[in-house]
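User: I've got a protein open on my screen and I'd like to go through it bit by bit. Can you help me read it?

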Amino acid sequence: MKKLQEQLKTSKVLFDGAFGTYYAQLYETHELPELANCKAPERVERIHSEYLEAGAQILRANTFACNTASMDLPWEDVERHLRAGYRIAKEAVRQANASFAGRAEAAGGIGTADVGHPCWAAADIGPIPYDDPALRETVMEEYKRICRAFLEEGAEVFVFETFSDLEDIREAIELIGDKAFVLVSFAMNQFGYSNSGLSARKLMQQAAALEAVDAAGFNCGIGPAHMQQIIRGVDFPGKKWVTAVPNAGYPQFIGNRMSFDAQNIEYFAGKVSDIAADGVNIIGGCCGTTPEYIRRIRELTEFGSNGEKLTAGRLQKEAGPGKDLSFFKGKDGKKLIAVELAPPAGSDDERLMEAAHLLMKNGVDVVTFPDSPSGRTRADSILMAEKVARETGMCVMPHICCRDKNAIAMRSQLLGSYINHIHNFLVITGDPIPTMVRSSVKSVFNFDAVGLMNIIADMNEDQFGQAPLCYGGAINQTRKNLEAEIDRVKRKLEAGASFFLTQPVSTAENAERVRAIKEATGARILCGIMPFVSRKNAVFMKNELTGIDVPDEVLLRYRDDMTKEEGEAAAVQLAKDMMALTADFADGYYFSFPFNRVELLEKILQNS
């Protein structure tokens, strides 16, 4: 049988339907269907055979949830189910293709009669669920392990389905390279956004940029009408085959079981046939679809013409260059000054507003506001920034972290901020929730800082083109693996970050690590400066806050019996010394004053 890539040049191709839905319907069980690969392979064989008989050509192995998190099994057991699942699908396809070839030979050639359709077994890979960003590297390694196992089984087609972005699977896809046909499918909501907050257009652009991806499109989450609307609104890059695999519709929950309307086969198949007529190359069914859905799609759709990769969609808007509202606009050659004001933990903002008005006199380029640092509630950073901007006229920059809000809430915040003329943001992943409250307060971490930057870049292109948001990231130069931090800075630059603020620089070694990052990336860097106002303050920062390096040589600058004036003098000198260490490469400085003691800034900047 010819390769799938060659088949697509002459005809459209049909996926199978939902394995899990049909399995639960047939066997009335809530058990993961992937467990049947070893426990009840005859069940898996039956479902595969029914889909092939209905006209499916790409048969997804029963391996969607074959990962350690979804199955709650050690890798050795997961691998056993994964390999067994692929072998069952491969044998079902082998038999179908043998029958196809036999009928073609008997008919005197493939073009002389309706003799069937060439089929392919696909290694099916679904998302590995995880909440803790620290597990990301582990998850990425498991995807690669899964792909290696499939390659060892001889897989020639890989389907990554129901993903919200490419971040976790990029390395796995690159590992496959040109060894197999790779299809990536994203789950969208009816408005055309994934759970990571990225638009259908942005996701297709990202897929087009990966050489190893052969086809990309959408599956799950929505019914065929909404999927058609999304597809008709996307400018496809024209480099990949396009796939559309909608749900049967929208489910109801009856007795804790997800149930789809089985009476809409004609409507569904008709809509999918229309999607194919729009130019989509690979079609099929996701949740709620059974062999009867696939059979009817086969009967209603014209498969004999394909040839071109879909590019049609909405016309690109003609837009001129956007207005630059960044805090550093027109300040080339100037050492930029950013000052952090910590929003209050209560409702009294008098001290913060006094500090803000003091900063108006000192040539500050931007005032920043942390987003409930250390996972402890403070006044909202965006609302606090809006008030300061309104009352002082200064440029403001709230921090926005990924800990507490999902993609929907993040987009909502960004839209609200934009409407209120806030255009600069520091984007951070965020500190974890303190251990003592984790039983009642949950982190979200829908994505990390790079993921949120991608969302903002998407919104800049889609919604803020005339005056894009300006955003930057944080640098932790104290990270043990400096190369990993450099790589992360590069990823943030690729995601559109235009500046970086570092953790406080407190030693010559700290400064040299920031210098190395600057030389490796060319990033615009504002070096963090934290002027400790007493020994007690320095000791607290050393022992209570992660990422802030307070070595003994800094503590030696302070005495327990220092007066307030002596402590402030030591703070000013520490700041001046750190500025001197970084003066030859820093693009500016990011001051974080303990207790919002911003009156020290004027003394620090004198003769600096």
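User: How much accessible surface does the protein have, and what share belongs to carbon and sulfur atoms?
Analyst: Accessible areas here come from the Shrake-Rupley method with a 1.4 Å probe, and for residues only the protein chains shown count as cover. The total for the protein is about 26,500 Å². The share belonging to carbon and sulfur atoms is 50%.

User: Before we go on, what kind of model is this?
Analyst: Residues are numbered from 1 along each chain as its sequence is written, and side-chain values use heavy atoms, with hydrogens and water left out. Local features need pLDDT of at least 70, side-chain atom pairs count only at pLDDT 80 or more, and totals for chains, interfaces and linings use all residues, since this is a predicted model.

User: What percentage of the residues is buried?
Analyst: Buried means under 20% relative accessible area, exposed means over 50%, and partly exposed is in between (1.4 Å probe, protein chains only). The protein has 608 residues, and the buried ones make up 54%.

User: How many helices and strands are there?
Analyst: Both are DSSP runs numbered from the N terminus: helices are H or I with at least four residues, strands are E with at least two. Counted that way, the protein has 22 helices and 18 strands.

User: Is helix 13 parallel, perpendicular or oblique to helix 14?
Analyst: Axes are lines fitted to C-alpha atoms, for helices over the stretch in contact, and angles run from 0 to 180 degrees between N-to-C directions. The axes of helix 13 (residues 350-359) and helix 14 (residues 381-392) come within 11 Å and cross at roughly 45°. Under 35 degrees counts as roughly parallel, over 145 as roughly antiparallel, 65 to 115 as roughly perpendicular and the rest as oblique. So helix 13 is oblique to helix 14.

User: Which residues of helix 14 make the contact with helix 13?
Analyst: Contact means heavy atoms within 4.5 Å. On the helix 13 side, the contact is made by Leu 352, Met 353, Ala 356 and His 357. From helix 14 come Met 384, Lys 387, Val 388, Glu 391 and Thr 392.

User: Is Cys 220 buried or exposed?
Analyst: Cys 220 sits in the loop between strand 6 (215-219) and helix 10 (224-232). Its phi is positive, about 65°, although it is not a glycine. With a relative accessible area of 14%, Cys 220 is buried.

User: How far apart in space are Thr 10 and Phe 303?
Analyst: Thr 10 is in the loop between helix 1 (4-8) and strand 1 (13-14). Thr 10 and Phe 303 are 293 residues apart in sequence. C-alpha to C-alpha, their distance in space is 8.8 Å.
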